[in-house]
Amino acid sequence: MASPDFEHLRRVATAVRRSVISAIHHAGAGHVGGPLSATDLLTVLYFHELRIDPADPSWSDRDRFIFSKGHSSIALYATLAERGYFPTDELLTFDQSGSRLQGHPDMLVTPGVDMSTGSLGQGLSPGLGMALAARLAGKDYRTYVMIGDGEAQEGQIWEASMVAARYGLDNLCAIVDWNGLQQYGWAESGEQPEDRMNPLVDPAGKWRAFGWHVVELDGHDLPAIVAALDEARSTTGRPTMLIAHTVKGKGVSFMEGDYLWHAKPITDEECELALAELAS
């Protein structure tokens, strides 16, 4: 695998974030915070890690990727567009009737989407199925699944985690976009941000107890993401879970760490401010 060009990856991540803001502003609706927190992870996956061919999205030996947190689809679409799966201009059709870029990814219409997602908690199960299929077919492709930290509360995630560990699927790598917030925050003892916390305590310990190899990392540190994916690829005998600590709304100061930006229309003024920040 070629050495990563981190400056190029940073430029791509900025372009993806700008596309996320522009598309949601144009649509007048959409999720914002989660797409921005996942952008750096998606950038490294699609521009360094995944063995893929945008000219042949159905290539049988490609690596598979499932974006289980499907409500953040605009981040996936913007990344796919930057990677060449379809024109970036098409991003302005996001969430419109007849568009290939719906609010949740649809594998039947959108190039580069390996699994339709939307109902949270369901993406890891087909991921382990794909990984098991590769083993049974003697294929060397790898499968990657990204889930959200709120989604990690779903029981199906843990059922899939048990099965993946049971079969020692070392060709499966899951990533948690751990931005510390969900739609209404993590209400603990009060209404201030400092009083909010994720109820899933010690995620690393939990996945280790389920038999996974676990790596914790800064999900916005590009070299750390590359190193974690390298470690996942070299791990044998068990699946790997990357717990990527991220910031909801990353890259736009007035959105960062604010759960109110989970899903919110972007005004003309806010769009202008956000794009100006992302140009610097």
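Where is leucine 101 found? Leucine 101 lies in the loop between α3 and α4. The model described here is a predicted one.

- Leucine 101 is buried, and its relative accessible area is 0%.
- Not counting residues up to four places away in sequence, leucine 101 touches Tyr77, Phe86, Glu90, Leu91, Thr93, Phe94, Asp95 and Thr110.
- Between the C-alpha atoms of leucine 101 and glutamate 7 there are 28 Å in space, and the two residues stand 94 residues apart in sequence.
- Threonine 110 also belongs to the loop that runs between α3 (73-83) and α4 (124-137).
- With a relative accessible area of 3%, threonine 110 falls under the 20% limit and is therefore classed as buried.
- A polar atom of the threonine 110 side chain lies 2.4 Å from the backbone oxygen of arginine 100.
- When neighbours within four places in sequence are left aside, threonine 110 is in contact with Tyr77, Phe86, Arg100 and Leu101.

- Helix α3 is mostly covered, since nine of its 11 residues are buried.
- These buried residues are Ser73, Ile74, Ala75, Leu76, Tyr77, Ala78, Thr79, Leu80 and Ala81.
- Among the elements that cover the buried residues of α3 are α1, α2 (33-49) and β1 (64-67).
- Glycine 84 follows α3 and has a positive phi, near 100°.

**Packing of helix α1**

- Two packed helices are described by the angle between their axes and the distance between the axes.
- Helix α1 (residues 6-27) packs with helix α8 (residues 268-279) at an angle of about 175°, and their axes are 10 Å apart.
- The two helices α1 and α8 are therefore roughly antiparallel to each other.
- On the α1 side, the residues that meet α8 are Thr14, Arg17, Arg18, Ile21, Ser22 and His25, and their counterparts in α8 are Asp268, Cys271, Ala274, Leu275, Leu278 and Ala279.
- By class, the residues in the contact of α1 with α8 are six nonpolar, three polar and three charged.
- Helix α1 also meets helix α7 (residues 222-234), where the axes come within 10 Å and cross at roughly 105°.
- The contact of α1 with α7 comprises five nonpolar residues, no polar residues and one charged residue.

**Nonpolar cores**

- In soluble globular proteins, nonpolar side chains tend to be buried together.
- The largest nonpolar core has 54 residues, of which Ile21, Leu45, Tyr46, Phe65 and Met146 touch the most other members.
- Leucine 45 is in contact with Leu50, Phe65, Tyr144, Met146, Ile175 and Leu229, leaving aside its neighbours within four places in sequence.
- Another core, of 25 residues, lies apart from the largest one and includes Met130, Ala165, Trp207 and Ile243.

**A position in helix α6**

- Alanine 209 is part of helix α6 (residues 203-209).
- Alanine 209 has a relative accessible area of 66% and is exposed.
- The C-alpha atoms of alanine 209 and methionine 162 are separated by 9.8 Å, while the residues are 47 residues apart along the chain.

How values were computed: Residues are numbered from 1 along each chain as its sequence is written. This is a predicted model: local features need pLDDT of at least 70, side-chain atom pairs count only at pLDDT 80 or more; totals for chains, interfaces and linings use all residues. Side-chain values use heavy atoms; hydrogens and water are left out. Axes are lines fitted to C-alpha atoms, for helices over the stretch in contact, and angles run from 0 to 180 degrees between N-to-C directions. Helices (H or I, at least four residues) and strands (E, at least two) are DSSP runs, numbered from the N terminus. Angles under 35 degrees count as roughly parallel, over 145 as roughly antiparallel, 65 to 115 as roughly perpendicular and the rest as oblique. Contact means heavy atoms within 4.5 Å. Ala, Val, Leu, Ile, Met, Phe, Trp, Tyr, Cys and Pro count as nonpolar, Asp, Glu, Lys and Arg as charged, and the others, Gly among them, as polar. Buried means under 20% relative accessible area, exposed over 50%, partly exposed in between (1.4 Å probe, protein chains only). A polar contact is a pair of N or O atoms within 3.5 Å; within protein, one must be able to donate a hydrogen and the other to accept it, and residues adjacent in sequence count only if both atoms are side-chain atoms. A nonpolar core is a set of buried Ala, Val, Leu, Ile, Met, Phe, Trp, Tyr and Cys residues joined through side-chain atoms within 4.5 Å.
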